[in-house]
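Please look through the sequence and the model, then read the sections below.

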Amino acid sequence: MDNITDALKEVRRSLVLTRLFNRFTNTVLIFLVFALILTIFKLSWKFALIPPIIYLLPGIYNAFIKTSYKDVEDIVPDLEWQLRTAADNAEKQDEIVKSLKNLVLKNVKNIRSSFFFDEKSLVYKLVAIGCLSFIIVLIGSFHVNFGDFKGIFPTGFVNKLGKGAGGIFGENFAGVFDRKNDRDIYGEESVVELGNEEINLQITPENSLFDPSNLNNIENYDFTQSGVLNDIGASPDQSYEDRIKKEEQELIKTYLNKLAEYSNKKKQ
Amino acid sequence: MEKVFTDVKEKFLDIFSHTSKVIVGQTDVLKQIVISILCDSNALLEGYPGLAKTLSVRTLAQLMDMKFSRIQGTPDLMPSDITGTYVLEEHDGKREFKFQPGPVFANIVLFDEVNRASPRTHSAILEAMQEKQVTVGNKTFKLDKPFFVLATMNPIEMEGTFSLSEAQADRFLFKIKTDYPSPEEELEIVNRYTELLKDPSMKPILTKENVFKLQDIVRKVPVANDIKKMVVELINKSRKSKELIEYGASPRASIGLILAAKANALINGRNYVTKEDVIEMAFPILRHRIILNFEAERNNFKEDDVIKYLLK
């Protein structure tokens with residue numbers, strides 16, 4: 001009884017896993033199709049998760065609950081009625097039922113996982129998944145869209161719709177094909193076109209805050225008047241205040257003041 | 001045990017090949033008679049005269065090593081004519097009643113034109129079929145086993161006949177229909193029976209013990225729950241399809257259909273029943289158990305047409 005029960009369970013499990021795999025493949029495909037559509041119309045790709053989830057949940061339920069031996073028999077016609085009969089009579093021990101169980105065990109050994117796969121359709125699906133992913137990456141990178149459809153939705157909804165627009169891969173892969181970012185590496189495109197020609201650059205004085213030609217006596221230049229450095233100032237270091245005691249701080253201030261006075265007197 | 005099923009299949013193929021030496025065509029009829037025997041049940045055979053009904057049954061009896069007897073149904077046939085009666089015998093100057101067994105004391109009984117016999121005779125043969133025993137006077141006699149009755153009915157010439165009631169017909173597992181042979185088959189019949197003087201003799205292929213064993217195996221053939229559900233749904237549908245059927249089949253039909261499907265699987269060398277077995281057996285099982293309504297008869301539907309509709 002155990003042998004036949006285990007064998008039947010194993011066969012059913014194989015079919016359940018195959019069905020789940022097929023369902024997941026289809027789910028990914030549906031997701032990519034919707035993600036592509038939403039990306040093209042500049043809507044959030046996150047909404048593309050809804051149709052596949054709606055498709056996936058009944059599939060999981062059916063795979064686990066509704067997969068029966070009949071489904072296996074439909075795929076392997078040589079086993080027609082054998083699996084169901086053996087399963088329904090598993091507890092019987094007479095010679096005839098035993099002979100049926102032996103027959104089923106013999107036939108079940110010949111079942112391969114490939115029986116449950118439609119290889120052709122699986123290949124098509126995988127190719128389609130690859131192509132769709134590539135198209136979405138391209139569209140996201142080049143910011144291709146056929147118009148902004150956010151306007152047709154209520155205002156409160158627009159923020160959610162627009163968030164993430166640009167494609168599922170668009171944000172992460174934007175740099176890959178974005179020519180604006182190429183300037184960081186290759187420089188300005190217009191300059192590149194000049195080749196090795198010599199260019200004379202001239203900085204016009206009107207655009208500067210100070211005139212470089214007046215920098216003859218730089219020691220006398222008062223930078224505080226330029227207005228540029230107004231926001232630059234000094235403040236006591238926190239460590240200075242934290243680490244030195246109050247009475248010692250006074251002592252150091254006095255020392256430094258006197259040292260300054262002495263220095264000024266000496267200059268005069 | 002798997003070999004047993006293969007052997008059984010070969011045995012029956014052998015039986016059918018031997019019967020084909022005597023009977024041309026009628027393969028389905030012979031198969032259904034064999035299935036009835038394997039189910040330890042009885043069958044009604046409806047067909048026109050001259051379709052080798054007697055020859056078929058006698059040949060099968062020879063091949064299964066069984067005692068065969070034939071009863072011709074007539075309106076004046078009395079129950080004692082078939083069950084047997086006490087006759088006065090004299091031994092050594094002493095007279096005593098001794099039971100003289102009738103033709104029902106055989107393994108295979110062909111009751112020709114059962115609908116010509118009186119209802120009293122019907123009840124006697126039905127008791128024999130059902131109880132496998134006969135009561136004469138106040139004494140009951142057990143019949144030999146296996147016991148199989150094949151009752152024939154002529155679909156024409158219905159004057160002066162006593163049709164079997166629905167309850168009586170329900171006790172037969174099958175209603176087997178025989179039809180006229182095709183022109184090719186008829187030519188073969190003409191060739192064969194205008195050249196031969198007598199039927200070729202048959203040597204038994206199965207013994208009574210083999211038949212008992214096979215009857216036991218038939219009941220043990222496992223059936224899937226889906227098949228049982230399908231059968232019960234079909235029989236229930238026959239009761240609910242009021243648009244064509246006035247009265248549907250009884251639960252006896254469900255039991256008979258499962259049993260017949262098991263026997264069909266066995267003679268095909270299978271140790272499990274398939275949907276095809278049920279479909280094939282549904283026709284002879286239901287044919288005499290459904291009564292068509294006026295609407296169906298007005299449309300000239302036959303029982304088999306309605307069974308096809310039920311199987312859809």
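What pLDDT does chain A average? Chain A averages a pLDDT of 75, and 62% of its residues score at least 70; pLDDT is the predictor's confidence in each residue, from 0 to 100.

## Basis of the model

This is a predicted model, in which local features need pLDDT of at least 70, side-chain atom pairs count only at pLDDT 80 or more, and totals for chains, interfaces and linings use all residues. Residues are numbered from 1 along each chain as its sequence is written, while chains are lettered from A and ligands numbered from 1 in the order in which they are written.

## Confidence along chain A

Within chain A, confidence is highest in helix α4 (residues 82-88), at a mean of 90, and lowest in helix α8 (residues 170-177), at 47. Helices (H or I, at least four residues) and strands (E, at least two) are DSSP runs, numbered from the N terminus.

Over residues 172-178 of chain A, pLDDT stays under 50. For these residues the model has nine contacts beyond four places in sequence; two residues are in contact if their C-beta atoms, placed from the backbone, lie within 7 Å.

## Where the chains meet

In the model, 17 residues of chain A are in contact with 14 residues of chain B. On the side of chain A that touches chain B, the elements giving two or more residues are α4 and α5 (95-109) of chain A. The largest share, eight residues, comes from α5(A).

## Overall form of chain B

Chain B contains 13 helices and eleven strands. Its C-alpha atoms fill a box of roughly 70 × 45 × 45 Å, taken along the principal axes.

Buried residues make up 41% of the 312 residues in chain B; a residue is buried if 20 or more other C-beta atoms, placed from the backbone, lie within 10 Å of its own. Among contacts in chain B between residues at least 6 apart in sequence, 78% join residues at least 24 apart.

## Nonpolar cores

A nonpolar core is a set of buried Ala, Val, Leu, Ile, Met, Phe, Trp, Tyr and Cys residues joined through C-beta atoms within 7 Å. The largest has 101 residues, of which B:Ile33, B:Leu257, B:Ala260 and B:Leu266 touch the most other members. Helix α10 (residues 251-267) of chain B gives the most to this core, with ten residues.

Leaving aside neighbours within four places in sequence, B:Leu266 is in contact with B:Val8, B:Leu38, B:Leu214, B:Ile217, B:Val218 and B:Val221. A second, separate core of ten residues includes A:Leu32, A:Ala35, A:Ala48 and A:Ile136.

How values were computed: Buried ≥ 20, exposed ≤ 12 C-beta atoms within 10 Å, placed from the backbone.
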